[in-house]
Amino acid sequence: MPAPETTPPQSSLPAAAARSTAHFLAEAAARARDIQAVIGHVTSHVGAPSGAPTPAAPPAASVPAPAPRSAEAPAAVTPAVAAPVPDLGRVLGGPRGLGTAGLRLTPRVQVPTDPAPPEPPAEGTPIPGLYHHPVAEPDPVRVEEVSRRIKSWALDEVSLYPEEWEEQFDGFSVGRYMVGCHPDAPTVDHLMIATRLMVAENAVDDCYCEDHGGSPDGLGERLLLAHTALDPVYTTEEYQAPWAKSLGSDAPRRAYRSAMGYFDQAASPSQSDRYRHDMARLHLGYLAEAAWAQMEHVPEVWEYLAMRQFNNFRPCPTITDTVGGYELPADLHAQPAMQKVIALAGNATTIVNDLYSYTKELDAPGTHLNLPVVIAAREDMSDRDAYLKAVEVHNELMHAFESNAAALAADCPIPTVHRFLRGVAAWVDGNHHWHQTNTYRYSLPDFW
Ligand SMILES: CC(C)=CCC/C(C)=C(\C)COP(=O)(O)OP(=O)(O)O
Ligand SMILES: [Mg+2]
């Protein structure tokens with residue numbers, strides 16, 4: 001099916017409102033003053049000795065079901081507190097005190113005010129011993145609307161898949177995934193920004209690298225050309241046209257081009273640049289994985305973990321501010337302490353995938369690398385012991401994410417930083433929930 005040449009419609013998102021240069025500069029100057037005030041704190045904390053105590057991780061909390069919202073009801077988004085936050089439980093749980101209930105962004109620690117009917121148990125079993133925070137089932141009203149809109153985008157705007165892949169598209173449940181990962185998105189339009197990108201990222205992974213005709217052969221070329229749908233080519237007139245035409249020539253490129261077009265309209269230039277950088281990281285990771293597949297080489301465990309830090313979910317939690325309708329300023333995003341928190345969160349979420357997709361990948365043709373497989377091969381362990389060790393690696397990454405996020409929050413008393421950290425933590429929890437409950441796609445090994 002030929003790709004319709006579509007241009008994303010003008011967005012009505014607040015963040016997409018035309019940013020006049022003057023307005024942007026005034027905003028940036030005001031922000032710069034705040035940022036400079038805290039950068040010193042962040043830097044001095046990062047320089048502390050590695051044995052310095054870090055705040056304790058919060059206890060996992062049981063979560064009552066939130067009342068379903070209407071599809072377009074805006075979430076409370078105003079950050080409220082500017083005081084230093086001493087522990088992660090406070091940061092992730094949001095502001096407390098009289099009148100602040102509506103400002104909490106993740107439904108982690110809530111005391112129900114009236115008895116709600118008990119929620120049916122979530123489908124799927126969490127991996128025994130896996131450190132995670134259970135979350136409530138994503139708002140079904142939003143899920144339904146996002147699912148409807150994403151299918152129409154996939155079919156009508158980018159001709160993403162042939163009819164026979166429909167069941168797999170539906171089974172992926174991307175609407176439920178994204179609604180669960182972005183509980184503070186103000187509207188369904190905001191959720192769609194994340195959902196289109198998630199679908200496009202998976203189209204590239206499936207069609208270029210894996211299940212749907214992917215292969216390590218020629219992957220570098222395919223990825224580079226697809227990357228230009230995110231990061232445009234500027235060349236001479238003669239060669240500009242064939243490049244522009246190439247972006248419509250296969251489903252992954254059509255999906256990247258369209259999803260990025262929508263993202264650009266909602267994001268600031270530096271948020272778009274952040275995303276492009278994270279996608280370049282992702283593509284670098286795909287290439288290392290492909291090189292090992294071509295060489296039939298199993299890397300050492302640390303080498304695998306390094307590759308998986310790039311072939312990683314990172315581009316998804318790092319758009320939490322765009323999806324939330326606000327911006328974490330570039331200077332704060334670039335701080336080493338923030339980069340470390342983001343990397344740890346991305347690594348924990350990605351090892352969650354290795355663990356939940358273990359049986360699916362064992363059943364796939366050839367050797368599919370994931371953390372348990374690499375540990376078993378390189379550390380001479382049984383499949384079971386290697387899997388259990390991989391669970392421990394995940395748990396250590398999660399604790400490191402949480403303690404580093406808590407330390408950063410305490411050192412950086414800026415509401416936007418706290419909100420961003422809460423957004424990343426919500427993504428981590430939503431990602432776990434989706435993996436646990438996506439029994440169409442994943443099943444656990446029989447190790448317990
Ligand atoms: C959504 C996104 C940025 C994905 C990039 C990397 C990726 C595909 C994963 C982290 C998922 O890993 P994997 O390819 O192993 O996925 P499945 O196990 O097939 O679900
Ligand atoms: Mg996997």
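Asn353 touches Arg308, Phe313, Tyr358, Glu361, His435 and Tyr442, residues up to four places away in sequence not being counted; contact here denotes heavy atoms within 4.5 Å. The structure is a predicted model, in which local features need pLDDT of at least 70 and side-chain atom pairs count only at pLDDT 80 or more, while totals for chains, interfaces and linings use all residues. Residues are numbered from 1 along each chain as its sequence is written, chains are lettered from A and ligands numbered from 1 in the order in which they are written, and side-chain values use heavy atoms, with hydrogens and water left out.

Asn353 is placed in helix H14, helices (H or I, at least four residues) and strands (E, at least two) being DSSP runs numbered from the N terminus. The relative accessibility of Asn353 is 9%, so this residue counts as buried; buried means under 20% relative accessible area, exposed over 50%, and partly exposed in between (1.4 Å probe, protein chains only). The side chain of Asn353 also makes a polar contact with that of Arg308, at 3.3 Å. A polar contact is a pair of N or O atoms within 3.5 Å; within protein, one must be able to donate a hydrogen and the other to accept it, and residues adjacent in sequence count only if both atoms are side-chain atoms.

Glu361, with 8% relative accessibility, counts as buried.

Around ligand 1 there are 19 residues, of which Asn353, Lys360, Glu361, Arg441 and Tyr442 come nearest; a residue is near a molecule or strand if one of its heavy atoms lies within 4 Å of it. Polar side-chain atoms lie 3.0 Å from an oxygen atom of ligand 1 in the case of Asn353, 2.7 Å in the case of Lys360 and 2.9 Å in the case of Arg441. Of the 510 Å² of accessible area that ligand 1 has on its own, the protein covers 97%. Accessible areas come from the Shrake-Rupley method with a 1.4 Å probe, and for residues only the protein chains shown count as cover.

The structure holds 15 salt bridges, each defined as a side-chain nitrogen of Lys or Arg within 4 Å of a carboxyl oxygen of Asp or Glu. Asp354 and Arg308 form one of them, at 3.0 Å from N to O. Since Asp354 belongs to helix H14 (residues 336–356) and Arg308 to helix H11 (residues 301–310), this pair ties together parts that are 46 residues apart in sequence. Both Asp354 and Arg308 are buried.

A salt bridge also joins Asp321 to Arg274, with the closest N and O atoms 2.9 Å apart. Asp321 lies in helix H12 (residues 320–324) and Arg274 in helix H10 (residues 269–295), so the pair links parts 47 residues apart in sequence. Asp321 is buried at 0% relative accessible area, and Arg274 is buried at 7%. In the salt bridge between Arg384 and Asp385 the N to O distance is 3.6 Å; Arg384 is partly exposed at 38%, and Asp385 is partly exposed at 39%. A network of salt bridges links Glu145, Arg148, Arg149 and Asp189.
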